[in-house]
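New page in the notebook.

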Amino acid sequence: MTEIHKQYRLTSLEDPTDEMLLALMEDVAKAARESSAKAEAEKKRRLQMVAKEVENWRKTINP
């Protein structure tokens, strides 16, 4: 949690300053990039696993 998060909560009755809003948006963008990278890595891992299973299946059919 950044210092900005400690100063401002979305449930706060005050509007965030431009600096706070920018910091919050940057944090959200960073989290989105990290999440997207993790999802892409997991997709790649699963596709490689399926490709290996298909290769093994083909070997058992055509020895």
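Predicted model: local features only at pLDDT ≥ 70, side-chain atom pairs only at ≥ 80, totals over all residues.

I count helices (H or I, at least four residues) and strands (E, at least two) as DSSP runs, numbered from the N terminus. With that rule, I get 2 helices and 0 strands in the protein chain.

Residues are numbered from 1 along each chain as its sequence is written, and side-chain values use heavy atoms, with hydrogens and water left out.

**Helix α2**

I looked up α2, which covers residues 18-61. The expected span of a helix is 1.5 Å times one less than its number of residues. For the 44 residues of α2 that should give 64 Å, and the end C-alpha atoms are 64 Å apart, so the two agree.

**Cover and surface**

I call a residue buried under 20% relative accessible area, exposed over 50%, and partly exposed in between (1.4 Å probe, protein chains only). How much of the chain is buried? Buried residues make up 8% of the 63 residues. In α2, I find Met20, Ala23 and Leu24 buried.

Areas here come from the Shrake-Rupley method with a 1.4 Å probe, and for residues only the protein chains shown count as cover. The chain's accessible surface is about 5900 Å², and 57% of that belongs to carbon and sulfur atoms.

Next I checked for patches: these take residues with over 30% relative accessible area and no salt bridge, joining like charges within 9 Å and nonpolar side chains (Val, Leu, Ile, Met, Phe, Trp, Tyr) within 5 Å. I found a nonpolar one on the surface made of Val50, Val54, Trp57 and Ile61, with about 380 Å² of accessible area together. Val54 sits in helix α2, and at a relative accessible area of 33% Val54 is partly exposed.

**Salt bridges**

My rule is a side-chain nitrogen of Lys or Arg within 4 Å of a carboxyl oxygen of Asp or Glu. How many are there in the whole structure? The search finds 4 salt bridges.

One of them pairs Lys43 with Glu40, with the closest N and O atoms 3.5 Å apart. The two are 3 residues apart in helix α2, so about one helical turn separates them. Lys43 is partly exposed at 44%, and Glu40 is partly exposed at 44%.

Glu42 meets Arg45 in another, at 2.7 Å from N to O. Both lie in helix α2, 3 residues apart. Glu42 is partly exposed at 27%, and Arg45 is partly exposed at 42%.

Arg46 also bridges to Glu42, the closest N and O atoms being 2.7 Å apart. Here the spacing is 4 residues, about one helical turn. Shared partners join Glu42, Arg45 and Arg46 into one network.
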